[in-house]
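Thanks, everyone; I would like to walk through one model this morning, beginning with a pair of helices and then turning to the pockets.

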Amino acid sequence: PPRGWGAVDANLPPGSPPPQSLALGPLPSAAPPPPKRQGWGAVDEGIPRNLKDVKPRANCALEALATALRSAKSFRRAFDSADAKDAAPKALRRALDALPPLDQSGNALLRRTTKKRQYDQAIDDLRAALAEREGGDPDIRQELATGGAHLDVAEVLGELVEALTADASTKSAASTLTSVGRITQAPCSKCGKSNSDAVDEQVLEYARSAPATKLKQARVAYKRGAHLAPVYLLAHAHTAKSCDACHAPKACAVSQTLSRCASTLILGITWTGIDRSRGDVLSVMDLALMGGVRDAAKCFDDKAKKAGKRDLVALIMFRGNHYTSFVRKGRDWNKGWEWHDRGSVHQLGGWEDVKARAEPSDGKGAMLPYLLVYDIF
């Protein structure tokens, strides 16, 4: 017969009090707290107890930037000669020092080594330093402080350049990444009067962007004669304004002039859902490499003083929420590239190997080129 709670004596006469097992005393005012879970899965303040000391960070944007800038000679010449004082430049220095030289790096040298741990720590220190520094965009700093998982790599680049600018010793390195121009609205060509909201301001650019659609169209239209400068120039052309005084349409021209072009030129590509049919990515990549930048100044101002040719030295790519980089090892673009991903270095052969990685046949989707890094070999 059943015993304990719920046991019933079938021989009780009618009207008898319930058995002791069913006699309920007064209910407690509150239920006692459940016992704390122990072992795997136990949670304290939303953090699994077993993972309390683990701080997962999404540092792929910073890793991609560090590995790409490593191959930019103009930037490295200025940065390597500087004695950094602030936390962010110091962390970037440690990260670059932990990477193997381009001409000596073996396959996956960083995978499980002391250098790999030093590199990971330096990158996370860089993220923390950018989050904690005064100035900058508060939203970006907040995102960096909480892991940086949803940040655009171009936004992170802007924070990095501003941090380098703030340190007097690395300001010259920051200037190699910065193009300086001016946007001006001219007086009316009809009556000579200026609009009340006429602009005349300095503009700093770290990564001028253009739509992938326009790059693809240039590649199709001009084939081997296509190059990047006209696409980026037209993408930022300003429309003339109407005159407030005489109401003449488009009588107040708006122009942008360039006073200094970045030595390490970074160009961005904006993608939409319609740009990603098979072959589009490879077409844009071929234009970025073979068309290249014949005169860097012409990306900003077609009347500017010539700034010289720039060669593609690195690409920062993305797929999903993850950034990765391809870095060129030498002058011959068809003899050596590296793929940097999650702290590992993978040796590749020529340009066709890079494209095969960018648009694999495994059905997982293409990596999209997002930032193109140009410098002088």
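At roughly what angle do the axes of helix H10 and helix H11 cross? Before the answer, a word on the source: this is a predicted model, in which local features need pLDDT of at least 70 and side-chain atom pairs count only at pLDDT 80 or more, while totals for chains, interfaces and linings use all residues. Residues are numbered from 1 along each chain as its sequence is written, and side-chain values use heavy atoms, with hydrogens and water left out.

The axes of H10 (residues 280-291) and H11 (residues 351-358) cross at roughly 145 degrees and come within 11 Å, where axes are lines fitted to C-alpha atoms over the stretch in contact and angles run from 0 to 180 degrees between N-to-C directions; helices here are DSSP runs of H or I with at least four residues, and strands are E runs of at least two. On the H10 side the contact (heavy atoms within 4.5 Å) involves Leu282, Met285, Asp286, Leu289 and Met290, and H11 contributes Trp351, Val354, Lys355 and Ala358.

Now the largest pocket, which holds about 230 Å³ of space. Of its 13 lining residues, Leu233, Ser255, Gln256, Phe300 and Asp302 are the closest to its centre. A pocket is an open set of points on a 1 Å grid over the protein atoms alone where a 1.4 Å probe fits, with protein on both sides within 12 Å along at least five of seven lines, and lining residues have an atom within 4 Å of a point; the volume is the space filled by probe spheres set on the points, joined across faces, edges and corners. Strand E6 (residues 254-260) gives the largest share of that lining, 4 residues.

The second largest pocket has about 190 Å³ of space, and helices H8 (212-222) and H9 (229-235) are the elements that give two or more residues to its lining.
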